[in-house]
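Subject: Structure handover

Hello,

Here is the structure I said I would pass on. My notes on it follow below.

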Amino acid sequence: MSGDPLEGPKLKVERADAHISDVGDYIKQYFETCPYTTFTELDANGGRELLKLRLTNPPPGKIAVAVGDVVHNLRSALDQLACCLAIRNGFPDTSGTYFPFAASREIYESKSVQEKVKKLPQAAVQIIHELKPYQGGNDLLWSLHQLDIIDKHRALIPIATTHLGINAQLVAKPLGTFPHTFSIPKTLQPLDKDAVILIYPAGLQFDSSEIEFTVDMAFHNVGPIEGQPVLTVLHQFVAMTKSILGIFENRMLKQS
């Protein structure tokens, strides 16, 4: 072991980075299979036509498993940080010591949550207070904790293929003399059901191959990070965890 008191947490973060690479490879391989198709259908009154996107092959479970590995390593790094601070404060027995999280500020300030940091020096507890590790405080930090809980109890973190945007340059054949109206619905649409890409007058003809749409892997039904791209959020998690370790290292653990 090196003389760095944060060697363990830092190694956890390094491991998380390695798993992010795996997540990226799995997502790339998945989309290379073209797991979706486009089709058209008339709307209920028949006056408009809908161009839709349908998922034909759901994401493989190994993506969610790899995401869980990233999340758990980062969450563990924070618990190891808390234990390191307790040891440095003269408490070699770190049982009951954890990096604290709560569903609200009120719960965070409760005795049961603060018991988790009672062995830490007061300066460290104050820094944690400043980080606001509760829902409505630091939502990114809270989301990391929530995903770790989900991974432990549900086995697979909920993610979904999501329609994110559209780029189209269309040359349509005339349909009467009235203006043609194209409508693009909200672009963030999880593909657990058909997503509407484009709405246009029924009977209007154009080459749909000219339409480019964007899909990605995003978190699904996970509070503050709902609909956000998986890889983007994971990199944010890593940067945040490194920053937290850096704060404690510079303010409390820097060797003279």
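A residue to begin with is Asn-221, which counts as exposed because its relative accessibility is 56%. The term exposed means over 50% relative accessible area, buried means under 20%, and partly exposed is in between (1.4 Å probe, protein chains only). Asn-221 sits in the loop between strand E6 (211–219) and H7. Its phi is positive, about 60°, although Asn-221 is not a glycine.

Before the rest, some notes on the model. It is a predicted model, in which local features need pLDDT of at least 70 and side-chain atom pairs count only at pLDDT 80 or more, while totals for chains, interfaces and linings use all residues. Residues are numbered from 1 along each chain as its sequence is written, and side-chain values use heavy atoms, with hydrogens and water left out.

Overall picture

The protein has seven helices and six strands. Helices (H or I, at least four residues) and strands (E, at least two) are DSSP runs, numbered from the N terminus. Along the sequence their order is α-β-β-α-α-α-α-α-β-β-β-β-α. Of the 256 residues, 41% are buried. If we take the contacts between residues at least 6 apart in sequence, 70% join residues at least 24 apart. A contact means heavy atoms within 4.5 Å.

Helices H5 and H7

Two packed helices are described by the angle between their axes and the distance between the axes. For H5 (residues 122–131) and H7 (residues 230–253), the axes come within 11 Å and cross at roughly 145°. Axes here are lines fitted to C-alpha atoms, for helices over the stretch in contact, and angles run from 0 to 180 degrees between N-to-C directions. On the H5 side the contact is made by Ala-123, Ala-124, Ile-127, Ile-128, Glu-130 and Leu-131, and on the H7 side by Ile-244, Ile-247, Phe-248, Arg-251 and Met-252. The residues of this contact comprise nine nonpolar, no polar and two charged. In this count Ala, Val, Leu, Ile, Met, Phe, Trp, Tyr, Cys and Pro are nonpolar, Asp, Glu, Lys and Arg are charged, and the others, Gly among them, are polar.

Which residues of H5 are buried? They are Ala-124, Val-125, Ile-127, Ile-128 and Leu-131. These residues lie on the same side of H5 because they cover an arc of only 160° around the axis. The arc is that of the directions from the helix axis to the C-beta atoms.

After H5

Lys-132 has a positive phi of about 55° although it is not a glycine. With a relative accessible area of 41%, Lys-132 is partly exposed. The loop between H5 and helix H6 (139–154) also holds Gly-136, which is exposed at 63% relative accessibility. From Gly-136 to Pro-224 there are 88 residues in sequence, but 9.3 Å in space, C-alpha to C-alpha.

Two buried residues

Phe-101 is in the loop between helix H2 (61–88) and helix H3 (105–108). It is buried, at 6% relative accessibility. Leaving aside neighbours within four places in sequence, Phe-101 is in contact with Arg-75, Leu-78, Val-113, Pro-133, Leu-141, Trp-142 and His-145. Phe-101 and Gln-146 are 45 residues apart in sequence and 9.3 Å apart in space, C-alpha to C-alpha.

Val-230 belongs to helix H7. Its relative accessibility is 0%, so Val-230 counts as buried. Not counting residues up to four places away in sequence, Val-230 touches Val-23, Val-67, Ile-159, Met-217, Ala-218 and Phe-219. Gly-24 is 206 residues from Val-230 in sequence, and their C-alpha atoms are 9.1 Å apart in space.

Regards
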